Each structure stands twice: as structure tokens, then as C-alpha cells.
Amino acid sequence: MEMTTILHSSLTNPPFTAHLSPSKFPRSFSTPFRLRTSLSFSPSLPPKSFPTNCSVSDDTTSSANVATVDLSIALKKKATDVSADLRGTSIFLVGMNNSVKSSLGMLLADLFRYYYFDSDALVSEAAGGESAAISLKESDEKGFRESETEVLKQLSSMGRLVVCAGDGAVQNSTNLALLRHGISIWIDVPLDMVAKGIIGNKSLLLSSEIAISGSYSEVLSQLMALYEDMRRGYATADATVSLQKVAYQLGYEDMDAVTTEDITMEVLKEIERLTRVKKMMEAAARPF
């Protein structure tokens with residue numbers, strides 16, 4: 001089945017359909033896609049930091065709740081301001097696979113009224129499931145990498161997407177060139193946090209070179225080696241947002257205190273900066 005058919009089936013009467021450009025949809029895909037839930041749009045996505053209970057008798061909790069609501073309003077305003085200059089350009093999030101990046105991607109898609117994709121999930125479905133994808137990677141590394149490239153090629157041909165790109169997105173020049181079709185942002189998360197996430201979720205290992213060992217020290221050691229190999233590719237992104245830097249700017253001693261909203265605001269600021277620079281360059285290129 002062609003990827004176009006799958007996408008149009010997934011997009012039957014979606015919200016904000018008018019924002020999608022049918023002419024940009026790819027005509028075919030070499031590997032069958034069966035995943036229909038990879039494409040998500042969640043206008044009511046609950047942010048990580050929203051509390052489920054509120055006690056009016058607790059001044060500290062009440063203040064935190066007010067701050068959270070204020071940040072949510074600020075995020076929506078910032079996204080609205082940025083959208084005009086963004087003009088439907090897709091956003092690619094690169095960096096070590098982790099829950100911070102995926103949570104950020106979904107919230108960002110919600111704010112911009114974009115659609116969200118996880119490229120690794122698409123590769124898995126193209127292979128026939130997560131187990132099949134892992135087997136393919138182990139038995140046919142070249143074929144697996146070609147599948148990654150094909151997925152990126154199809155996604156880069158469309159607009160109004162937020163894509164959490166797998167590790168393979170920065171491992172060759174072809175994939176890096178495909179990322180240039182949108183705005184790429186490196187979400188830099190400390191390796192110890194990434195390692196802890198991998199221990200709890202083995203699927204994060206899909207597109208990396210890390211063996212599934214289950215040992216934190218072994219995973220961290222392999223992550224450090226992998227990071228050194230891919231850091232140059234990550235550095236080609238249009239912007240970098242560091243979780244450690246965000247924590248420092250906000251005065252947090254513990255990086256776990258940084259919320260999805262906190263890091264999303266920094267990403268929005270970077271996107272705003274990039275779109276302004278592009279606008280200035282376009283204005284400078286116009287003839288007098």
C-alpha cells in the first residue's frame with residue numbers, strides 16, 4: 001500500500017485539515033506502511049507539569065499552579081507570534097532518543113497545530129513492527145539505514161509537521177540534507193538522563209548502535225561513544241537547546257525540575273530567532 005493512501009486514510013476529517021497541502025504528499029513509498037497511530041494530533045495534550053489536584057489551602061502549591069497556567073498562556077502566545085513567520089515550515093528534532101524530546105515534540109505540534117511523527121515508529125511499521133525492525137537492523141544494517149532515509153525523504157516532502165528524528169537522521173550526508181527542508185533543532189539532554197530512560201524503555205535503542213544489555217553503566221559507556229560519533233551531525237542543526245542550560249537559566253539545581261513547557265519555550269525562542277534572521281535575509285535580497 002502506498003504511503004499516500006495511508007496518510008490520507010489517517011487524515012480523514014482531521015482538525016485543521018486546511019493547513020495540510022495535498023500537493024506535497026508523496027506519491028509512493030517503497031516499503032508498506034501499516035501504522036496509523038504514528039500520526040498524532042492532540043489539541044488537548046495535557047502538559048507534563050499540569051497538576052491533577054489543587055489545594056487552595058497550600059499557598060506554595062497555588063503559586064506553582066498559577067505559574068504553570070501563566071507559562072501555558074505564554075507558550076500559546078509565543079507560538080501564535082512565531083507561526084506567522086514560520087509559514088508551515090516543518091520542524092525536525094534531533095538528538096539522543098529520550099522522553100524529553102518526544103514530549104517536547106508532541107507539545108510543540110499541539111501549539112502550532114501541526115502533526116507529529118516519530119521517524120523510528122515509522123521505520124518500525126515499515127519493517128513489520130518493533131521486533132522485526134530490530135531484527136532487520138541486526139541482519140541487514142544497510143537495508144535498515146535505507147529505510148530510515150526513505151522515511152525522512154517522505155516526511156521532508158511535506159509541511160506542517162513536527163518530527164522526532166531517530167539517531168540515523170544525522171549519520172550520513174543524505175539524511176542531513178533532508179533535514180534542511182525544515183528547521184532542525186538539537187535537543188541536548190545529559191547522557192546520564194538518556195541512559196536511565198533507555199533502561200526503562202528498550203525501544204529507544206532502535207536506531208542506535210547500543211546493545212541491549214540492561215546495565216546502566218554499560219549503556220552509559222556505549223552512549224558516550226555513540227555521542228562522540230554523532231555530535232558533529234547534531235551540531236549541524238539550525239539551533240541547539242540544552243536541558244542543562246535551561247535548568248541553569250531557570251535557577252534549578254536539579255535538571256529533573258525542568259518541565260516540558262520550560263524547554264518548549266526555549267525551542268520557541270530559537271524558532272523565532274531563526275525565522276527573524278530568514279526574514280531579514282529575504283528583505284536584504286530584494287532589489288531596491
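Glu272 is buried, with a relative accessible area of 15%. Buried here is under 20% relative accessible area, exposed is over 50%, and partly exposed is in between, using a 1.4 Å probe and protein chains only. The side chain of Glu272 meets that of Arg276 in a salt bridge, 3.4 Å from N to O. By salt bridge I mean a side-chain nitrogen of Lys or Arg within 4 Å of a carboxyl oxygen of Asp or Glu. Salt bridges that share partners also bring in Lys78, so that Lys78, Glu272 and Arg276 form one network. Both Arg276 and Glu272 sit in helix 11, residues 260-285, where they are 4 residues apart, about one turn of the helix. Helices (H or I, at least four residues) and strands (E, at least two) are DSSP runs, numbered from the N terminus.

Before going on, some ground rules. This is a predicted model, in which local features need pLDDT of at least 70 and side-chain atom pairs count only at pLDDT 80 or more, while totals for chains, interfaces and linings use all residues. Residues are numbered from 1 along each chain as its sequence is written, and side-chain values use heavy atoms, with hydrogens and water left out.

pLDDT is the predictor's confidence in each residue, from 0 to 100. Its mean over the chain is 77, and 71% of the residues reach 70 or more. Over residues 1-57 pLDDT stays under 50, and for that stretch the model has 97 contacts beyond four places in sequence. A contact means heavy atoms within 4.5 Å. Where pLDDT is low, the predicted coordinates should not be read in detail.

Now the chain as a whole. Its secondary structure comes to 11 helices and 5 strands. Of its 288 residues, 46% count as buried. Among contacts with a separation of 6 or more, 78% are between residues 24 or more positions apart. The accessible surface is about 14600 Å², and 54% of that belongs to carbon and sulfur atoms. Those areas come from the Shrake-Rupley method with a 1.4 Å probe; for residues, only the protein chains shown count as cover.

Back to salt bridges. How many does the structure hold? There are 11 salt bridges. Side chains of opposite charge can pair when their charged atoms come close. Lys77 and Asp81 make one of them, at 3.2 Å from N to O. Both lie in helix 2, residues 59-86, 4 residues apart. Lys77 is exposed at 54% relative accessible area, and Asp81 is partly exposed at 39%.

Another joins Glu148 and Arg145, at 2.7 Å from N to O. These two are 3 residues apart in helix 6, residues 141-156, about one helical turn. An α-helix has 3.6 residues a turn, so residues three or four places apart point the same way. Glu148 is buried at 6%, and Arg145 is buried at 14%. The side chain of Arg145 also makes a polar contact with the side chain of Gln171, at 3.2 Å. A polar contact is a pair of N or O atoms within 3.5 Å; within protein, one must be able to donate a hydrogen and the other to accept it, and residues adjacent in sequence count only if both atoms are side-chain atoms.

Next, helix 4, residues 119-127. Its buried residues are Ser119, Asp120, Leu122, Val123, Ser124 and Ala126. What do they pack against? They pack against strand 2 (115-118), helix 5 (130-139), helix 6 and strand 3 (161-164). Asp118 caps the N-terminal end of helix 4, with a side-chain oxygen 2.9 Å from the backbone nitrogen of Asp120. After helix 4 comes Gly128, whose phi is positive, near 105°.

Aromatic rings next. The structure holds 3 aromatic pairs. The rings of Phe112 and Tyr114 have centres 5.5 Å apart and planes at 40°, so this pair is tilted. Rings of Phe, Tyr and Trp (its six-membered ring) pair if their centres lie within 6.5 Å; planes under 30 degrees apart are stacked, over 60 edge-to-face, and the rest tilted. Phe112 is buried at 3%, and Tyr114 is buried at 2%. Ring pairs also link Trp186, Tyr227 and Tyr234 into a cluster.

Last, Asp188, in strand 4, residues 183-188. Leaving out residues up to four places away in sequence, Asp188 touches Tyr227, Thr240, Val241, Ser242 and Leu243. Asp188 and Met96 are 92 residues apart in sequence and 7.5 Å apart in space, C-alpha to C-alpha.
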